[in-house]
Amino acid sequence: MTQLSDATLTDLDERVAVPAYDRSAIRPGIVHFGVGAFHRAHGAMFVDRVLGLPGDEHASWGLVGVGTLPGDAAMRDALGAQDRLYTLVTTSPDGEVDARVVGSIVEYLFAPDDPGAVLARVGDPSTRIVSLTITEGGYGVNDATGAFEPSDGATLADLDGLPAGALPQSPLGFITAALRARRDAGAVPFTVMSCDNIQGNGHVARTAILAFAERIDPALAAWIGAEVRFPNSMVDRITPATTDEQRAFVSERFGIDDRWPVLSESFEQWVLEDDFSDGRPPYERVGVQLVEDVEPYELMKLRLLNASHQAMSYLGLLAGETYVHDVCRDELFSRFLLGYMHEEARPTLAPVPGIDIDAYCAELMRRFGSVAIKDTLARQIVDGSERIPKFLLPVVREQLRTGGGIARSALVLAAWSRFIEGVGDDGRELAPVDRRLAELQAAVAQEAERPGAFLDLEVVFGDLGSDARLREAFIAARARLAAVGARVAVEEVVAAG
Ligand SMILES: NC(=O)c1ccc[n+]([C@@H]2O[C@H](COP(=O)([O-])OP(=O)(O)OC[C@H]3O[C@@H](n4cnc5c(N)ncnc54)[C@H](O)[C@@H]3O)[C@@H](O)[C@H]2O)c1
Ligand SMILES: O=P(O)(O)OC[C@@H](O)[C@@H](O)[C@H](O)[C@H](O)CO
């Protein structure tokens, strides 16, 4: 067994690819907030490829990871023990396995240890891009209104503390304070590049940063608005959280003692707007698609892939399932999901340059059905109140507008409301995890007296909740779920076509 470190890279099993560049020569150029599973399977992997390109000119694109939440101490400790290296194992739907050690993260800073060091790093002129995977909730932008309404403690503390000279705690705080320092020094600003699953993720990041800056220094907000670029992107690679079983797999199969490997699917996609304030790595040479307008790609992905994850998860969990692949290999659920994709989501999409949507949907079903990924339904629905409005409700809204079908989406919303009640069809206890759980439970508790009351939760549904057609479909779907359970309710919707 080989403990992962710079010194042992040459000792690793020959099936494992290792960085083909001198890591000691790599200088930081990108700061990334939110070094979780996804960034390590996607953004950091693409930078690893850039660093491996021939020529010395790419060596200034090394990554500095930053964690701001208490839970990120575990990533500090894991990466710190192995020279910031980790193993990325990918598996194709056919079971083909590939393993590589990624070396692009050259420094990791845990902000609570030394916020001054994080601010200095983000503010340093060598930082040309600040990228983010801080989850949908990390931006504090209300889905229904588009307004900046942060509720997390660190962002609120920064809004109070920064004008008084306190050091930042939150990503928005660090970025804004570092941009202030850049402006004051007359320096070029960095690009802010969101890689979260949010429609218009660049726009949302811009809204959040501008509104944040406006509250502490309106002139700074104006400067950021004029000078800083916020490219939108569509990112895709299914990456579940690492389990102990996967750690054991990496050590048994490849002989690597890695505290925190990442296992993901082999599929990868990154469509990115070519809009940067201070240069970018040659992403186009390592598999990233650079475009002028990412919107058609992101709508396709969010409404077909992410919304399908929502569609399968509440119904699957009510029906007693645990894994994505089990639901998607079940013929009934598979027909339901393909029905959702083709009949409800697809009519809301514009043509996507270079993509055959039929083939895309078929490939999605193969990806979802991949047993090796062992993705859980539970992962898809953490903070469903953040996901449903971003992934599924835009489809419902558009279908209502055009008179299109909503039967499957309404069943999913009804299943979500039943899931919030916490009891599966077989009587098993279910455990919803949601930052708005109390509000969701209070809304669903009124259903008995006032069917459709769940849809009145404005923070989730906005004005959609008052749509008569949606209310009727939702109430009927909830009644069927209560009467016959998820599986039969799905069967009925599938049979109705
Ligand atoms: N996992 C995937 O399959 C996948 C694929 C595409 C996109 N994404 C995007 O990446 C995001 C992260 O996914 P992941 O799998 O890496 O999750 P993860 O839980 O492994 O990591 C999330 C990271 O974000 C940080 N974070 C969360 N909330 C934050 C906040 N309010 N402020 C600051 N930091 C915060 C956490 O500390 C952690 O470092 C997703 O929410 C999604 O938008 C994930
Ligand atoms: O990551 P989230 O929480 O936005 O959504 C859960 C999944 O749908 C998502 O992680 C997908 O696996 C991912 O978007 C695939 O690229």
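For the "domain: Mannitol dehydrogenase N-terminal", an unreviewed UniProt entry lists residues 29–283. The structure discussed here is a predicted model, and in it this span is 36% helix and 20% strand, with its end C-alpha atoms lying 14 Å apart. UniProt also lists, again in an unreviewed entry, residues 293–476 for the "domain: Mannitol dehydrogenase C-terminal".

**The sheets**

Strands of a sheet pair through backbone hydrogen bonds, and this pairing is either parallel or antiparallel. One open sheet is formed by 5 strands in the order 7-4-3-8-9, and the pairing in this sheet is parallel. At its edges are strand 7 (105–110) and strand 9 (191–194), each of which pairs on one side only. On average, and with direction ignored, neighbouring strands of this sheet are turned by 25 degrees against each other. A pair to follow in the structure is that of strand 4 (residues 62–67) with strand 7, which runs in the parallel sense over 5 bridges; here Val64 has Glu107 of strand 7 as its bridge partner.

Another open sheet has 4 strands in the order 2-6-5-12, and its pairing is mixed. Its edge strands are strand 2 (16–17) and strand 12 (262–265), and each of them pairs on one side only. Within this sheet, strand 5 (residues 86–91) and strand 6 (residues 97–102) pair in the antiparallel sense over 6 bridges, and the bridge partner of Thr87 in strand 6 is Val101. Helix 9 (residues 244–254) lies across strand 2, strand 5, strand 6 and strand 12, and this helix runs at about 90 degrees to strand 5.

**A pair of helices**

Two packed helices are described by the angle between their axes and by the distance between the axes. Helix 15 (residues 384–391) and helix 16 (residues 393–402) pack at an angle of about 35 degrees, and their axes are 4 Å apart. Helix 15 contributes Ile388, Pro389, Lys390 and Phe391 to the contact, while helix 16 contributes Leu393, Pro394 and Val395. Sorted by class, this contact of helix 15 with helix 16 has 6 nonpolar residues, 1 charged residue and no polar residues.

**The ligands**

There are 21 residues around ligand 1, and those that come nearest are Ala37, Phe38, Asp72, Asp196 and Asn197. Ligand 2 is surrounded by 13 residues, of which Glu136, Asp236, Lys301, His309 and Arg379 are the closest.

| Ligand | Residue | Atom of the residue | Distance to a ligand oxygen atom |
|---|---|---|---|
| ligand 1 | Thr133 | polar backbone atom | 3.2 Å |
| ligand 1 | Asn197 | polar backbone atom | 2.9 Å |
| ligand 1 | Arg237 | backbone N or O atom | 3.2 Å |
| ligand 2 | Asp236 | side-chain N or O atom | 2.5 Å |
| ligand 2 | His309 | side-chain N or O atom | 2.7 Å |
| ligand 2 | Gln380 | polar side-chain atom | 3.3 Å |

For ligand 2, Asp236 and His309 are among the closest residues, and the side chain of Asp236 places an N or O atom 2.5 Å from a ligand oxygen atom, whereas for His309 the distance is 2.7 Å.

How values were computed
Residues numbered from 1 in each chain as written. Chains lettered and ligands numbered in written order. Predicted model: local features only at pLDDT ≥ 70, side-chain atom pairs only at ≥ 80, totals over all residues. Heavy atoms only, no water. Axes fitted to C-alpha atoms, helices over the stretch in contact; angles between N-to-C directions. Helix = DSSP H or I, 4+ residues; strand = E, 2+ residues; numbered from the N terminus. Contact = heavy atoms within 4.5 Å. Nonpolar A, V, L, I, M, F, W, Y, C, P; charged D, E, K, R; others polar. UniProt positions renumbered as here; feature names shortened; annotations may be inferred. Pairing = 2+ DSSP bridges. Near = heavy atom within 4 Å. Polar contact = N/O pair within 3.5 Å; in protein donor to acceptor, adjacent residues only side chain to side chain.
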